[in-house]
Amino acid sequence: MTSATLTGDLCLGHIVAATGLELGDIVLLRHTYTDDGLQSPTDLTTAPLLTYTRKQGINNKLGRTPPPVWLIFMADGGRRSRFLTAYENYGELPTERTETHRFFDLRPSDVLASLRERLVVEWSKDTVNWAKTGALGSRLPVVEIADPARVDFPGYDHVLITYAELQAVVEESRYRDWHTALGAVQGIYLIADTSTGQLYVGKADGGERILGRWTAYAKNGHGGNVALRDLTGPDPTHARHFQFSILRVFGPSTPTAEVDAAEAHFKAALLTRKHGLNRN
């Protein structure tokens, strides 16, 4: 038992243990900005970061057969190191090997996905050692777990989200701008079943507002609608195919009759009674 465990300090090993991974299955890499590598934050996007990481020297610190999971960190001032992402290693690609470098088949992993850009550890004093085994990395102290980045509301005309994203919008505080916007208006919305192309036009009127109506969908996928319930009843996972958007919004004092008329218009225009998922 380490001293960190005795004192209650949080180390990376405690977080890795929660994933169910064995320490022997992971390796930690700490990148820094260099003139011939990652030069600025713009290089930390998906493609440049993967390209840089998968290229390793012939005699690199990862060993002959690196572990299956790579946790990627970026220097964040001093010894602070911010977690960027994780890759699954499917092995070296021998056909790409050169006299000086080996190239690995790395693929994006969901390991610690909720902590990307948020988790910061303190690297050891020998920062020149940019690669660490899982056992050594497990001792690194966690110095910060930041709040998730706030997600700006894109505007009613630009809302286009999956069912999984809808659940996040409803449940997570980082979408507080969305809560304010969706909770302020009545409206007509569209649910598209991306597996079939069928459409459903719905309304949120009165005191329910769009946020209240969509919260019901987030809970069970169908929100009480007959046709949607017919799809999600036999297969509760079917809701993952649903995509949500907004067709028109109304102020909170707009008469119900006006909202009803707009709903009827869009049902007729999009043929959702004849070919879609509306039953009335």
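Tutor: Strand E1 (26-31) and strand E2 (55-57) do: each gives at least two residues to the lining of the largest pocket. Strands here are DSSP runs of E, at least two residues long, numbered from the N terminus. Bear in mind that this is a predicted model, where local features need pLDDT of at least 70 and side-chain atom pairs count only at pLDDT 80 or more, while totals for chains, interfaces and linings use all residues. Residues are numbered from 1 along each chain as its sequence is written, and side-chain values use heavy atoms, leaving out hydrogens and water.

Back to the pocket. Its lining is Leu 29, Arg 30, His 31, Thr 32, Thr 34, Tyr 52, Lys 55, Gln 56, Gly 57, His 101, Thr 127 and Trp 130. Sorted by type, that makes three nonpolar, seven polar and two charged residues (Ala, Val, Leu, Ile, Met, Phe, Trp, Tyr, Cys and Pro count as nonpolar, Asp, Glu, Lys and Arg as charged, the others, Gly among them, as polar). The space inside comes to about 260 Å³, taken as what is filled by probe spheres set on grid points joined across faces, edges and corners. A pocket is an open set of points on a 1 Å grid over the protein atoms alone where a 1.4 Å probe fits, with protein on both sides within 12 Å along at least five of seven lines; lining residues have an atom within 4 Å of a point.

His 101 in that lining is a handy way into the strands, as E5 spans residues 101-109 and pairs with E4 in the antiparallel sense over five bridges. (Two strands pair if DSSP finds at least two bridges between them.) Across that pair, Glu 88 has Arg 107 in E5 as its bridge partner. E4 itself (residues 80-92) also pairs antiparallel with E3 (residues 69-75), over seven bridges, and there Phe 73 stands opposite Phe 83. The hairpin of E3 and E4 leaves four residues between the strands, and Gly 77 takes a positive phi near 100°.

E4 has another antiparallel link, three bridges to E6 (residues 119-122), with Arg 82 opposite Val 120. From E6 the pairing carries on to E8 (residues 142-145), again antiparallel over three bridges; Val 121 meets Val 142 there.

Inside it, E10 (residues 186-193) and E12 (residues 242-250) share eight bridges, one of them placing Leu 190 with Ser 245.

On confidence: mean pLDDT (the predictor's confidence in each residue, from 0 to 100) is 91, and 97% of residues reach 70 or more. Residues 1-6, though, sit below 50. Where pLDDT is low, the predicted coordinates should not be read in detail.

Key
Contact means heavy atoms within 4.5 Å.
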